[in-house]
Amino acid sequence: MMVGFLRWGLFWMLLSVASLRGCMGDDHGVPIQLNDDVLGLIVFKSDVHDPSSYLASWNEDDDSPCSWTYIQCNPVSGRVSEVSLDGLGLTGKIGRGLERLQHLKVLSLSRNKFSGSISPQLALTSGLERLNLSHNSLSGRIPNSLVNMSSIRFLDLSYNSFSGPVPDNLFQNCLSLRHLSLAGNMLEGPIPSTLPRCSSLNSLNLSNNRFSGNPDFASGIWSLNRLRVLDLSNNALSGPVPEGIAAIHNLKELLLQGNHFSGPVPADTGLCPHLSRLDFGNNLFGGALPDSLQRLNSLTSFSVRNNMFTGDFPPWIGNMSSLEYIDFSSNGFAGSLPSSMGNLKSLYHLSLSDNKLSGNIPVSLVYCTELSVIHLRGNSFDGSIPVPPELGFFQNLTILDLRNSAIYGSIPGDICDSGSLEILQLDGNALIDSIPEEIGNCTSLYLLTLSHNKLSGSIPSSISKLNKLKILKLEFNQLSGEIPQELGRLENLLAVNISYNRLTGRLPVGSIFQHLDQSSLQGNLGICSPLLKGPCTLNVPKPLVLDPNAYRDQMGGHKQRHKSPRSAELGHHKFLSVSSIVAISAAILISIGVIVITLLNLSARRRLTFVDNALDSMCSASSSRSGSPPIGKLILFDTRSSPDWASDPESLLDKASEIGGGVFGTVYKVSVGAPGRAVALKSLLHRT
């Protein structure tokens with residue numbers, strides 16, 4: 001409140017200063033002309049925050065704003081005629097300073113961050129022709145007095161936060177209005193009944209609001225016969241859409257999607273020959289499409305998705321050669337696709353999902369070389385995968401969706417020949433055989449789902465080439481073997497499901513595989529994970545088999561062909577694997593080592609026994625001859641010792657004192673020769 005008071009104080013202060021300057025004149029007594037444009041713009045600027053200083057040139061000391069940036073003046077009057085401040089990142093409120101710009105024709109403040117409500121007292125000049133406040137954060141009600149509708153030609157208040165009903169008297173005098181957009185707000189209630197008075201309207205966009213009720217088409221909207229664009233999409237409008245649209249002969253776009261309209265499509269829709277975009281999607285329309293639609297030779301986009309249309313798929317669709325976008329998904333269309341669809345040379349998007357279509361896709365579709373999106377899931381196509389072998393011709397194909405289409409057969413190896421495929425979804429069919437190795441050629445894939453089929457064999461390691469892959473779903477198939485360890489290199493993977501197959505072994509190291517939960521792994525034969533109960537099966541590689549007849553076969557292989565099956569079988573059983581040979585050799589070497597060590601031990605024991613026996617015999621012989629205790633030979637290890645005391649070993653032993661003993665004899669200390677001299681004497685036999 002205080003800020004607003006200060007701003008109005010500034011406004012009146014500037015106005016008073018300007019009036020005083022106008023009365024006083026300059027130093028030469030010449031009156032200074034009062035310029036309301038400077039005052040109005042300076043007051044407007046005071047309510048605005050300009051973070052990038054785009055309005056730095058706006059100076060209150062200037063006599064004229066015509067040199068200021070983003071300002072244009074009428075060259076004749078010198079008054080401001082246009083203020084264009086689009087996309088400058090300005091914030092703040094739209095104040096009443098703009099009321100001073102009495103000659104303003106264009107005011108454009110789009111793509112900024114203006115907020116708050118517009119003052120009901122704000123009344124822009126009656127001569128304003130173009131007002132654009134789109135893409136801001138303005139809120140509250142749309143004031144009645146904002147503009148003089150008698151002169152306004154372009155009014156765009158889209159993508160703000162305006163709410164409440166639109167004043168019914170806002171369009172009482174709007175004969176000059178050419179363009180009206182209130183899209184992307186929170187406006188509610190019925191469409192104003194005075195709107196048909198804007199008879200000069202070329203474009204009417206009320207989309208993405210909360211308008212409700214049954215619009216007056218017959219005497220209201222259909223009377224706006226100068227319309228080129230009519231967009232009522234994404235509201236809560238309801239009721240039937242009656243005939244009468246043919247009165248809008250020059251209509252180019254009719255967008256009614258995202259409402260609750262019901263009943264049949266107006267039968268005279270095809271009498272608007274300039275229609276290029278037609279969207280009835282996400283409503284409650286039913287019945288068959290009117291045959292008059294086949295006259296729309298300029299139609300490029302045609303959508304009736306998510307309605308209740310029935311009957312055969314229109315056979316005339318192939319005659320609408322300008323079509324680029326077709327979406328007939330989620331209806332009840334039946335029958336087969338006409339071969340004339342090959343005439344749609346500009347078609348890039350084809351969505352026929354969730355209908356009751358049958359048969360095969362015509363081969364002529366390969367001539368739609370611009371196709372990048374194909375959605376065909378949820379139908380009842382017959383035969384194998386309903387994509388002709390020439391699928392590789394679709395160089396722009398990015399999405400192929402054939403989920404739940406009752407197709408069978410194998411996945412074509414050339415399905416990725418285009419190189420641009422990003423999404424491949426074949427879930428819920430009866431596909432058999434293995435996943436082709438050529439799947440690694442889909443280097444642009446980020447979504448691959450093949451679940452709920454009958455695919456068998458191993459997971460191809462070539463999937464590791466799909467560096468952009470984010471989602472991989474292979475659950476509920478019959479895949480077997482180990483998961484290729486190379487898949488751990490896929491760093492962009494966000495989700496993987498391999499449950500309910502016949503997989504075994506370890507999970508790849510790296511990527512997301514070490515973080516998968518139980519639901520993504522369960523139902524297999526033996527995946528090694530602490531999250532799973534049951535056995536962990538490691539597929540050990542089979543041993544290399546050496547065929548002793550291999551060289552012989554190379555030299556005389558023709559002889560082998562004459563052997564009987566019985567001889568071949570017997571020869572086969574003679575082969576030994578490398579691992580068996582290694583094991584047998586190791587066992588033999590160990591046995592030989594044990595035998596050698598045993599023999600050495602026995603030899604050592606025999607030698608000791610021989611020494612003992614020899615000593616015993618020597619001692620016995622000596623004892624028998626002398627009748628005295630046996631004395632062995634005395635050996636001196638000190639050559640400096642005198643031999644005189646060593647002549648009588650027995651006398652030495654008499655003087656010896658025992659100092660220790662061992663296994664082979666006793667050690668004695670003996671004093672010999674000079675006093676204090678002693679020697680150690682070891683007797684190999686104990687004295688008796």
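Two strands are taken to pair if DSSP finds at least two bridges between them. The structure described here is a predicted model.

## Parallel strand pairing

By that criterion, strand β18 (residues 260-263) pairs with strand β20 (residues 284-287) in the parallel sense, over 2 bridges. Within this pairing, Ser262 has Leu284 of β20 as its bridge partner. Strand β20 also pairs with strand β22 (residues 308-309), again in the parallel sense and over 2 bridges. Here Gly287 stands opposite Phe309 of β22.

Strand β38 (residues 502-506) runs parallel to β39 and is joined to it by 3 bridges. In this pair, Gly505 stands opposite Ile527 of β39. In a regular strand, side chains alternate between the two faces of the sheet.

## Disulfides and other cysteines

The model contains 3 disulfides. A disulfide is a covalent bond between the sulfur atoms of two cysteines. The pairs and their sulfur separations are tabulated below.

| Cysteine pair | S to S distance |
|---|---|
| Cys66 and Cys73 | 2.2 Å |
| Cys174 and Cys198 | 2.0 Å |
| Cys416 and Cys442 | 1.2 Å |

The link connects distant parts of the chain, 24 residues apart: Cys174 is in the loop between β10 (161-164) and β11 (179-181), and Cys198 is in the loop between β12 (186-189) and β13 (203-205). Cys174 is buried, at 0% relative accessibility. Cys198 is also buried, with a relative accessible area of 0%.

The link of Cys66 and Cys73 is left-handed, with -105° about the S-S bond. Cys66 has a relative accessible area of 32% and is partly exposed, because that value falls between the limits of under 20% for buried and over 50% for exposed.

Cys272 counts as buried at 0% relative accessibility, and Cys368 is buried with a relative accessible area of 0%.

## Nonpolar core

The largest nonpolar core has 142 residues. Those with the most contacts inside this core are Leu131, Phe171, Leu177, Phe302, Ile317 and Phe328. Both α2 (36-46) and β3 (80-84) supply at least two residues each to the core. The largest share, 4 residues, comes from α2.

Leaving aside neighbours within four places in sequence, Leu177 is in contact with Met149, Ile152, Arg153, Phe154, Leu155, Phe171, Cys198, Ser200 and Leu201. Among these, Phe171 is also listed with the residues that have the most contacts inside the core, and Cys198 is the disulfide partner of Cys174.

## Two buried polar residues in loops

Ser353 lies in the loop between β25 (349-351) and β26 (356-359). With a relative accessibility of 0%, Ser353 counts as buried. A polar atom of the Ser353 side chain lies 3.4 Å from the backbone oxygen of His375. Beyond neighbours within four places in sequence, the contacts of Ser353 are Ser329, Ser330, His375, Leu376, Arg377 and Asn379.

Asn477 has a relative accessibility of 8% and counts as buried. The Asn477 side chain reaches the backbone nitrogen of Leu455 at 3.1 Å. Not counting residues up to four places away in sequence, Asn477 touches Leu450, Ser451, His452, Asn453, Lys454, Leu455, Tyr500 and Asn501.

Terms used
Residues are numbered from 1 along each chain as its sequence is written. This is a predicted model: local features need pLDDT of at least 70, side-chain atom pairs count only at pLDDT 80 or more; totals for chains, interfaces and linings use all residues. Side-chain values use heavy atoms; hydrogens and water are left out. Buried means under 20% relative accessible area, exposed over 50%, partly exposed in between (1.4 Å probe, protein chains only). A polar contact is a pair of N or O atoms within 3.5 Å; within protein, one must be able to donate a hydrogen and the other to accept it, and residues adjacent in sequence count only if both atoms are side-chain atoms. Contact means heavy atoms within 4.5 Å. A disulfide is a pair of cysteine sulfur atoms within 2.5 Å. A nonpolar core is a set of buried Ala, Val, Leu, Ile, Met, Phe, Trp, Tyr and Cys residues joined through side-chain atoms within 4.5 Å.
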